[in-house]
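Biologist: I would like to go through this model label by label. For each label, tell me what it rests on.

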Amino acid sequence: MASSLIKYNDKFVPLPFGLHNTGVICYFNSLIQSLFGCSSLNQYFLLNESKFQKKDNKIAMLYINLLKENLQTQHNKIFNITNLLNILLIKYKEKNNNKRIGIGQEDVCEFLTIFLDVIDDKNVERLFMHKYQCDIYCSGCKKMTNIPDDKSYQFEIPLNNIDSYEMIYLKKDKGDTINISNYIRNNISNMSDLHCTKCMSLNKLIKINRLRFIPTILTITYLKYQNKKLVDFPKFLEYENSNSKKKYIYILTSSIEQSGNIHSGHYICKSKRKKYTNSKINTIPYLFNDTVYKESDLEPTSNTYVIFYHFYNSIDI
Ligand SMILES: [Zn+2]
């Protein structure tokens, strides 16, 4: 389930810096700031700089250069990543028939997928990619059918969908707490308006997802466009694996908040950054609102949209 996890390492997290918002790119600034909080991604980019240079991977090189500039030194400078976004869009359009994208406010989750697809590196992909074994179960005739695995860079928790067990749970329970660890490990959803192919019953099918591979970086999206509900999330997630007799611990590193709606909203990000205190290195959360950044927290708000966890450590159980 967790063969090649890479530990969170302060050393590869930059010091905080702001990003110019040239046009409507707060979604992209927030995404890049969140990714800079993922130490294993930064570590991989830094260790493989010459490879990316040889391949003329301009996106990776722009990311690496910005990272290197801010890894040891606090500049108090505002940087501009419009170039990074423009090259990303050009590469994406080359691959996808000139699909119209990047004109106005975009969805930050879609851009994570675009970023990882355009970087086009199997090891980077592996840092984010999880795998579910999926079955369809009919509660009418008890038929269980295995369907192809779900593979994705992001875990989605639906909060405004009648098919969502989590939403039903939240309505019943005033605590507004989802056990994210459990949800990620196993989850089920109703498949409305579908007939069972065996017994032909309507609305008796459920999809069962069982986690088979957990990556180093967990990106979790709350699907709640119309439902700005405050949902709590913990600072740490834990996964026990009875086969390896280990407990895997993940630490919360970033969150992206979206105010307004998907087309005319604003994105900000909270992410951990390096701080020197009495010659000791530490990482603490900062809030990044384009050019502005300040020390903050990683508490949930009703605008929380995406949260990032990073593998931290494993302990024997
Ligand atoms: Zn059936």
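Modeller: Strand S8, residues 217–223, is mostly covered, with 5 of its 7 residues buried. This is a predicted model, in which local features need pLDDT of at least 70 and side-chain atom pairs count only at pLDDT 80 or more, while totals for chains, interfaces and linings use all residues. Residues are numbered from 1 along each chain as its sequence is written.

Biologist: What makes a residue buried?

Modeller: A residue is buried if 20 or more other C-beta atoms lie within 10 Å of its own, exposed if 12 or fewer, and partly exposed in between, with C-beta atoms placed from the backbone.

Biologist: Which sense does the pairing of S8 with S14 take, parallel or antiparallel?

Modeller: S8 and strand S14 (residues 304–316) are antiparallel, over 5 bridges. Isoleucine 217 has histidine 310 of S14 as its bridge partner.

Biologist: What are the domains, and where do their bounds come from?

Modeller: The bounds come from an automatic or database domain assignment. That assignment gives domain 1 as 10–129 + 216–316 and domain 2 as 130–214. Over C-alpha atoms, the centres of domain 1 and domain 2 are 28 Å apart.

Biologist: How many residues of each domain are in contact with the other?

Modeller: 25 residues of domain 1 are in contact with 19 residues of domain 2; contact means that the C-beta atoms, placed from the backbone, lie within 7 Å. On the domain 1 side, helix H6 (108–119), S8 and strand S9 (236–241) are the elements that give two or more residues. S8 gives the most, with 6 residues. By class, that side of domain 1 has 16 nonpolar, 5 polar and 4 charged residues. Nonpolar covers Ala, Val, Leu, Ile, Met, Phe, Trp, Tyr, Cys and Pro, charged covers Asp, Glu, Lys and Arg, and polar covers the others, Gly among them.

Biologist: Which residues of H2 are buried, and what covers them?

Modeller: In helix H2 (residues 39–47), Ser39, Ser40, Leu41, Asn42, Tyr44 and Phe45 are buried. The cover includes helix H1 (26–36), helix H3 (49–54), helix H4 (58–69), helix H7 (122–128), S8 and S14.

Biologist: Where in the chain is confidence highest, and where lowest?

Modeller: Confidence is highest in H2, at a mean of 98, and lowest in helix H8 (residues 165–172), at 60. The scale is pLDDT, the predictor's confidence in each residue, from 0 to 100. The chain averages 89, and 91% of the residues score at least 70.

**Hairpins and positive phi**

Biologist: What joins S11 to S12?

Modeller: Strand S11 (residues 266–277) and strand S12 (residues 280–289) run antiparallel and are joined by 9 bridges. Threonine 277 has lysine 280 of S12 as its bridge partner. The two strands form a hairpin with 2 residues between them, and asparagine 278 in the turn has a positive phi of about 45 degrees. S12 also pairs with strand S13 (residues 292–295), antiparallel over 4 bridges.

Biologist: Why is aspartate 290 called buried?

Modeller: Aspartate 290 counts as buried because it has 20 C-beta neighbours inside 10 Å, and the definition asks for 20 or more. Aspartate 290 is in the loop between S12 and S13 and has a positive phi of about 50 degrees although it is not a glycine. Most residues other than glycine have a negative phi.

Biologist: Why is asparagine 76 called exposed?

Modeller: Asparagine 76 has 10 C-beta neighbours inside 10 Å, so it counts as exposed; the limit is 12 or fewer. Asparagine 76 lies in the loop between H4 and strand S2 (78–79), with a positive phi of about 55 degrees.

Notes: Pairing = 2+ DSSP bridges. Contact = placed C-beta atoms within 7 Å.
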